[in-house]
Amino acid sequence: MSGRTSAVVAGACGALLVAYCIYFDRKRRNEPHFKEKLRERRRQKRVAFEKSGLSELPDLKDPEAVQRFFLQEIQLGEEHLAAGELETGVDHLTNAIAVCEQPQKLLQVLQQTLPPPVLQMVLSRLPTVGQRIASSRWLTEEDVE
């Protein structure tokens, strides 16, 4: 009997949680300026991203655009590293690795050509570039209900 009672209590708690979520979602969406605030927040994020000076990512569904971006980032990374601008060069190289079809092979080549401190900088920045790519996908989605 206690198993049945526990199941009923758990079911009732679950139903209350779902009802609570639906109520507040409906309340949020019916607010008069919800869509305007959401669009403004997204616009501000886009503007902040553009002001950050980072390279704009290509459409990841277009292989030609990705290839052009990859080659451009490799070239810019090499140029900046040769000029002694390590931070900028590493940023460009991590962008290239992030969009590369075979990042392990590229990392092996970079391991042979880059000094160990620069390679460590590249490896330490890869997770943040992955997050940036994920957020750029989110920023380009314009479907608001």
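**Briefing: helices, cores and an aromatic cluster**

Phe24 is located in helix H1, which spans residues 2-29; helices (H or I, at least four residues) and strands (E, at least two) are DSSP runs, numbered from the N terminus. The model is predicted, so local features need pLDDT of at least 70 and side-chain atom pairs count only at pLDDT 80 or more, while totals for chains, interfaces and linings use all residues. Residues are numbered from 1 along each chain as its sequence is written, and side-chain values use heavy atoms, with hydrogens and water left out.

**Overall build**
- The protein chain has six helices and zero strands, in the order α-α-α-α-α-α from the N terminus.
- Of the 145 residues in the protein chain, 26% are buried (buried is under 20% relative accessible area, exposed over 50%, partly exposed in between; 1.4 Å probe, protein chains only).
- Among contacts in the protein chain between residues at least 6 apart in sequence, 58% link residues at least 24 apart (contact: heavy atoms within 4.5 Å).

**Nonpolar cores**
- The largest nonpolar core contains 14 residues, and Ile97, Leu106, Leu110 and Leu114 have the most contacts inside it (a core is a set of buried Ala, Val, Leu, Ile, Met, Phe, Trp, Tyr and Cys residues joined through side-chain atoms within 4.5 Å).
- At least two residues of this core come from each of helix H3 (63-82), helix H4 (86-99), helix H5 (103-113) and helix H6 (116-140).
- H4 contributes the most to this core, with four residues.
- Another core, of six residues, lies apart from it and includes Leu57, Val66, Phe69 and Val129.
- Leaving out residues up to four places away in sequence, Leu114 touches Leu81, Leu93 and Val122.

- Tyr20, Tyr23 and Phe24 make up one aromatic cluster (ring centres within 6.5 Å; planes under 30 degrees apart are stacked, over 60 edge-to-face, the rest tilted).
- Tyr20 and Phe24 are four residues apart in helix H1, about one turn of the helix.
- Tyr20 is exposed at 52% relative accessible area, while Phe24 is partly exposed at 36%.
- The rings of Tyr23 and Phe24 have centres 4.7 Å apart and planes at 80°, so this pair is edge-to-face.
- Tyr23 is partly exposed, with 47% relative accessibility.

Methods: Rings of Phe, Tyr and Trp (its six-membered ring) pair if their centres lie within 6.5 Å; planes under 30 degrees apart count as stacked, over 60 as edge-to-face and the rest as tilted.
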